[in-house]
Amino acid sequence: MSQATSNRNDEPIRVLVVAFRRPSEESLPPDMRKQMSMRLIARTEDVEHAVDDFQPHVALIDTTFPDGEGYTTIERLLVHAPQVPVLALTPSPAPHDQVLLAIRAGAVGYVETNAEPDGVLAAVRAVLAGDTWFRQDDMRRILTAAADELDTSPAERRSRLTGVI
């Protein structure tokens, strides 16, 4: 199959993107615009309305919103529409804490903001098919960094994640 489709009447995959620094649709690669129908929003409080209006097949939610708002948005979306798989959208390289917090919130994978269009399409297709999306080479780095933190006190770990001492 040369074009990414939702396998529901061969319609394009509808992807809801909730991003702190909202990209314009024109900034998306032409291949991606052809193969997926995307709705871009920059306000997390609009996520339920966007889901109801757009009926996405997959959601990409930015983990860089202030105060952990990206993670609570993942949780809210999954309460509102549990059938919509969520991919976390992370900086590159993906910080281990952001990936792990996104997984805890309910994300089934992640893509980095600088991912190639083919990589984003592969991730979207995978989660739409019911799989997870974690690059094996990144997971070793992420899990090693997380394991290193086990040697620190709970208060110190919390301080690193929240910035509160």
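**Salt bridges and backbone features**

Glu-45 has a relative accessible area of 47% and counts as partly exposed, where buried means under 20% relative accessible area, exposed over 50%, and partly exposed in between (1.4 Å probe, protein chains only). This is a predicted model, in which local features need pLDDT of at least 70 and side-chain atom pairs count only at pLDDT 80 or more, while totals for chains, interfaces and linings use all residues. Residues are numbered from 1 along each chain as its sequence is written, and side-chain values use heavy atoms, with hydrogens and water left out.

**Salt bridges**

- A salt bridge is a side-chain nitrogen of Lys or Arg within 4 Å of a carboxyl oxygen of Asp or Glu, and by this rule the count is five.
- Glu-45 pairs with Arg-43 in a salt bridge, with 3.5 Å from N to O; Arg-43 is partly exposed, at 46% relative accessibility.
- Glu-48 and Arg-76 form a salt bridge whose closest N and O atoms are 2.8 Å apart.
- This pair links distant parts of the chain, since Glu-48 belongs to helix α2 (residues 47-54) and Arg-76 to helix α3 (residues 69-80), 28 residues apart; helices (H or I, at least four residues) and strands (E, at least two) are DSSP runs, numbered from the N terminus.
- Glu-48 is partly exposed at 21%, and Arg-76 is partly exposed at 28%.
- Asp-138 forms a salt bridge with Arg-135, the closest N and O atoms lying 3.5 Å apart; Asp-138 is buried at 8%, whereas Arg-135 is partly exposed at 39%.
- Salt bridges with shared partners join Arg-43, Glu-45 and Asp-46 into one network.

**Backbone geometry**

- Most residues other than glycine have a negative phi, and most peptide bonds are trans.
- Gln-55 has a positive phi, near 55 degrees; Gln-55 sits in the loop between α2 and β3 (58-62) and is partly exposed at 42%.
- Asp-67 also has a positive phi, near 60 degrees; Asp-67 is placed in the loop between β3 and α3 and is exposed, at 83% relative accessibility.
- Ser-92 and Pro-93 are joined by a cis peptide bond with omega of about -5 degrees, and Pro-93 lies in the loop between β4 (86-90) and α4 (96-105).

- Glu-11 is in the segment before β1 (13-18) and is partly exposed at 24%.
- The C-alpha atoms of Glu-11 and Met-36 are separated by 9.0 Å, and the two residues are 25 residues apart along the chain.
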